Amino acid sequence: MSSSPGPLATLSNDLAAAVDTVGRSVVAVHARRRIPASGVVWQPGVVVATHHTIQRDDGITIALHDGATVEATLAGRDPSTDLAVLRVATSAPAAALSTEAPRVGQVVLALGRPGASVTASLGIVSAVGGEWRTWQGGTIDRFVRLDMAVYDGFSGGPLVDAAGRVAGINTSGLARATALTVPASTVSRVAAQLLSRGHIARGWLGIATQPVRLPATLQQSLGAEAAIGLVVVNVEAESPADRGGVLIGDILLAVDGRPVSDPGDVLAALGGDRIGQAIALRVARGGRAEQLTVTVGERPRGRR
Amino acid sequence: MAAADTLELVPGLTAALGQISERLRGVTVQVRAGQASTGAGVVWLRHGLVVTNAHVATASKLEVVLPDGRAAPARLVARDPERDLAALELPSADHEPAVRADARGLRPGELLVAVGHPLGVAYATALGLVHRPPTGGRGPAAWLQADIRLAPGNSGGPLADAGGRVVGINAMIVGGLGFAVPTHVVERFLSRINRGGRGARAA
């Protein structure tokens, strides 16, 4: 071997240097039994972690890169994006964030701190898609899947690009058997809301629905686009839907002009930005189509 | 170096990986204990001392297949199931030994290369990186933990750094991670044999 480091040694050194730099912003979050999970110092004094690894609201401690252990207070959590935000009195540096969208084939590192020392995995971004909604109704700006081994305690750790910048937070809590990344833009948006309000505001109508197949003749007479509608099985008293005149037995055909055939479609139309705004509901009632106008409310805390 | 009509991600990287893999294959042997499946071993000392796992060297009479394909009977010199290490002696001398480095100097994120015989595929190479270097003591922290895809048959084989220096002996897979015995633990094991006068000669 020659005395000058070869390209492999150079790459190896670069990877280790990136781990060392970003690792200063990666913390261990002690908030569950078993081994701790990971978190990232997102801005000074603020740590972002995953919701599913924080199993208690009090008595949370954080272990920093220099070995120090500090107490953390939970600023808020958002189960729908599997994110939680902690306030921590620390001077640990905030991670440098990437503003670019991940691309398929990019070489990336996943870091974690499931204990005292930082750990690293290497892989590539295997799939990137557009905005998507989690099964709990959270909106994530981009679908990012990794071709990378997933180890215990890595949830809450950063996805690091080749430039040593944090592109998102990795979690095993949003999909079975695969590692997904919540992009940095989503993390920043959710963190800002949790810091200012303590929770994520979501629009609310106050109805429960279930899908129902429309008979062909009814579909025809209604001029409905889809063969499936949502039958209203409950209307909460004094809820926005109640005040707007929605009745049990109505079949919801469209919200805001878009056909709905799954309760998730309704959730999708009820982002936090819709609170206080009027929204148009098209329903089938007594065999005829009717248009109702409901003012979107804010979902009470702890309600699905 | 990359020609104009080829697409090479990092010039020379693939060639360097090939060199390191070839160099490791030159110090890696196959270890057979009776009818049991094949493990790997690393030529540690020139006079024919081979290091492997205790769980590979499960018989007193072992057969070693050298990198050039010759088979030779090997004698079990010492075995430590707790550290999962065994030392074997080849009947012939003058074998190219592995270049070694201390795993305690590794940093998380450094690249690693493993050579072994996973699932019976002789002399297969895997690329990964340092997940967590050994920090001493007992338990998981005593091992060199690697983010690398290994399989049965890698046991006893070398795990090397980006310079091709052996930093550990692959021993087991825990939660998907490769666990290797760090070189300094191997050296300690060998020095105990020397003090005990159980056949291993000094390098």
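This is a predicted model: local features need pLDDT of at least 70, side-chain atom pairs count only at pLDDT 80 or more; totals for chains, interfaces and linings use all residues.
A residue is taken as buried here if 20 or more other C-beta atoms lie within 10 Å of its own. In α1(B), the residues Ala16(B), Leu17(B), Ile20(B), Ser21(B), Arg23(B) and Leu24(B) are buried. Around the helix axis they cover an arc of only 165°, which puts them on the same side of α1(B).

What do the buried residues of α1(B) pack against? Their partners are α1 of chain A together with β1 (28-32), β7, β8 and β10 of chain B. Three of these strands belong to a barrel, described next. In chain B, 6 strands form a closed barrel in the order β7-β8-β9-β12-β11-β10, with antiparallel pairing. On average, neighbouring strands of this sheet are turned by 45° against each other, direction ignored. Helix α1 (residues 13-25) of chain B packs on the sheet and touches β7 (111-116), β8 (124-132) and β10 (158-160) of chain B. The direction of the helix makes about 40° with that of β7(B).

The loop between β7 and β8 of chain B holds Tyr123(B). This residue has 16 C-beta neighbours inside 10 Å and therefore counts as partly exposed. Setting aside its neighbours within four places in sequence, Tyr123(B) is in contact with Arg25(B), Thr28(B), Val115(B) and His117(B). Thr14(B) lies 109 residues away from Tyr123(B) along the chain, and the C-alpha atoms of the two are separated by 18 Å.

Another part of chain B worth a visit is strand β6 (residues 85-89). Of its 5 residues, 4 are buried, so the strand is largely enclosed by the rest of the structure. Strand β6(B) has antiparallel partners in two strands: 4 bridges join it to strand β3 (residues 49-52) of chain B, and 5 bridges join it to strand β5 (residues 71-80) of chain B. Ala87(B) takes part in both pairings, as the bridge partner of Val51(B) and as the residue opposite Ala78(B). The hairpin of β5(B) and β6(B) has 4 residues between the strands, and in it Asp84(B) takes a positive phi near 55°.

Turning to chain A, 5 helices and 22 strands are found. Along the principal axes, the C-alpha atoms of this chain fill a box of roughly 85 × 40 × 30 Å. Of its 304 residues, 44% count as buried. Where contacts link residues at least 6 apart in the sequence of chain A, 61% of them join residues at least 24 apart. Chain A also contains a barrel, closed by 6 strands in the order β1-β2-β3-β6-β5-β4 with antiparallel pairing. The twist from one strand to the next averages 40°. One of the pairings brings together β4 (residues 60-63) and β5 (residues 69-78) of chain A, antiparallel strands joined by 4 bridges. There, Ile62(A) has Val70(A) in β5(A) as its bridge partner.

Helix α1 of chain A has 17 residues and reaches 24 Å from its first C-alpha to its last, close to the 24 Å expected at 1.5 Å a residue. The buried residues of α1(A) include Leu8(A), Leu11(A), Leu15(A), Val19(A) and Val22(A). Seen down the axis of α1(A), its buried residues fall within an arc of 155°, so they line one face of the helix.

Notes. Residues are numbered from 1 along each chain as its sequence is written. Chains are lettered from A and ligands numbered from 1 in the order in which they are written. Two strands pair if DSSP finds at least two bridges between them. Axes are lines fitted to C-alpha atoms, for helices over the stretch in contact, and angles run from 0 to 180 degrees between N-to-C directions. The expected span of a helix is 1.5 Å times one less than its number of residues. A residue is buried if 20 or more other C-beta atoms lie within 10 Å of its own, exposed if 12 or fewer, and partly exposed in between; C-beta atoms are placed from the backbone. The arc is that of the directions from the helix axis to the C-beta atoms. Two residues are in contact if their C-beta atoms, placed from the backbone, lie within 7 Å.
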